[in-house]
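The stops below are meant to be selected one after another.

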Amino acid sequence: MAAHMSAGGKKIVGVFYQAGEYADKNPDFVGCVEGALGIRDWLESNGHHYIVTDDKEGLNSELEKHIEDMHVLITTPFHPAYVTAERIKKAKNLELVLTAGIGSDHIDLLAAAATGLTVAEVTGSNTVSVAEDQLMRILILLRNFLPGYQQVVKGEWNVAGIAHRAYDLEGKTVGTVGAGRIGRLLLQRLKPFNCNMLYHDRIRINPELEKEIGANFEEDLDVMLPKCDVIVINTPLTEKTRGMFNKEKIAKMKKGVIIVNNARGAIMDTQAVADACSNGYIAGYGGDVWFPQPAPKDHPWRYMPNHAMTPHTSGTTIDAQLRYASGVKDMLDRYFKGEDFPAENYIVKEGELASQYK
Ligand SMILES: NC(=O)c1ccc[n+]([C@@H]2O[C@H](COP(=O)([O-])OP(=O)(O)OC[C@H]3O[C@@H](n4cnc5c(N)ncnc54)[C@H](O)[C@@H]3O)[C@@H](O)[C@H]2O)c1
């Protein structure tokens, strides 16, 4: 046991992105290695040992050094520590894996369930942040904004180069695949733009809320896809949604469709998206999620035409960081006291996966 760890103290490992030169630019920047979710003093003064790193890949990584004796692992989707079945097998003391954010697909959930690990995330912590970002990417792609910006930076001026493929959002049909927390917030934000709104989900929204939101339910995804000018992906990555948008599914969409995906990169067939962007079948593809992350330099989405891709940032605004840091602290506090977490936070509990992951 580490000298500064009390008898009941736990070894907690956090894996976050490194901030480097940006670390001290904002006192609220808690989501990085340096900020450590702002819980270091609290944990250490309570006798726990807290290790934070961004070094997550391979057998020689800092994370790997602590796997065997850590009790709690805090990960984040923005810099995902891939918690494989092999790592879970090695982690003899591990009891709890917390996701600082939403989306725990970087963890082998079946292996976690089989070992009796608890996996929980901070449900709702960055849903507004993502919905706002999706609305921004829809507009950026529809209005053909990025080529205009590039012209300005390069000292050029060519109105036609932008205008020949720039459209209004009003009157377009927008469909969300998945209308959970983020999907609904997006639909609510789209309402004043006067577009036709559709949604597909495994569960229909209750009639009152559906009416208030103003979106029509499409039970059959294949019926919804050809109707949409804009498609937004809002499901988690599960065994049902992995690779869901392959060549065949993309062919069911309208030619010239715009796709925004801030859900997870692996929901798409990477090469099918790159090909359909290159041949113009997809008119624009935007989002912040890739597989793997960080995206390698040769990832095809970096080089396809008409994209609005960024690193994984939408759910890690400063506001979101403060919310998920506070949610992680709350769950750690409950874990130390032996109390349950808010029910909606559980992804794996007592060997059972949350229903949409089954
Ligand atoms: N880019 C980011 O920063 C960021 C941040 C937060 C969340 N996310 C991603 O967005 C996802 C959604 O987040 P949320 O808070 O809206 O989750 P949520 O659980 O509230 O909603 C997910 C919805 O998807 C539906 N769904 C699940 N599987 C489906 C299937 N096979 N077919 C049809 N519908 C299905 C569910 O019924 C649910 O309504 C997360 O799981 C995560 O992967 C990304």
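Two residues count as being in contact when their C-beta atoms, placed from the backbone, lie within 7 Å. The model is a predicted one.

Begin by selecting helix H5, residues 127–142. At 1.5 Å a residue, its 16 residues should span 22 Å, and the end C-alpha atoms are 23 Å apart, which agrees.

Next, pick out the buried residues of H5: Thr127, Ser129, Val130, Ala131, Asp133, Gln134, Arg137, Ile138, Leu141 and Leu142. What do the buried residues of H5 pack against? Their partners include two helices to display, H8 (181–190) and H13 (318–337). Strands E9 (230–233), E10 (257–261), E11 (282–287) and E12 (307–309) are partners as well.

Step just past the end of H5 to asparagine 144, in the loop between H5 and helix H6 (145–153). Asparagine 144 has a positive phi of about 60 degrees although it is not a glycine. Most residues other than glycine have a negative phi.

Now go to alanine 36, in the loop between strand E1 (11–15) and helix H1 (40–45). Its phi is also positive, about 50 degrees. Alanine 36 has 19 other C-beta atoms within 10 Å and is partly exposed.

Finish in the loop between E11 and E12, where proline 292 and proline 294 lie. A cis peptide bond joins phenylalanine 291 to proline 292, with omega about -5 degrees. Another cis bond joins glutamine 293 to proline 294, with omega about -5 degrees.

Definitions and conventions. Residues are numbered from 1 along each chain as its sequence is written. This is a predicted model: local features need pLDDT of at least 70, side-chain atom pairs count only at pLDDT 80 or more; totals for chains, interfaces and linings use all residues. Helices (H or I, at least four residues) and strands (E, at least two) are DSSP runs, numbered from the N terminus. The expected span of a helix is 1.5 Å times one less than its number of residues. A residue is buried if 20 or more other C-beta atoms lie within 10 Å of its own, exposed if 12 or fewer, and partly exposed in between; C-beta atoms are placed from the backbone.
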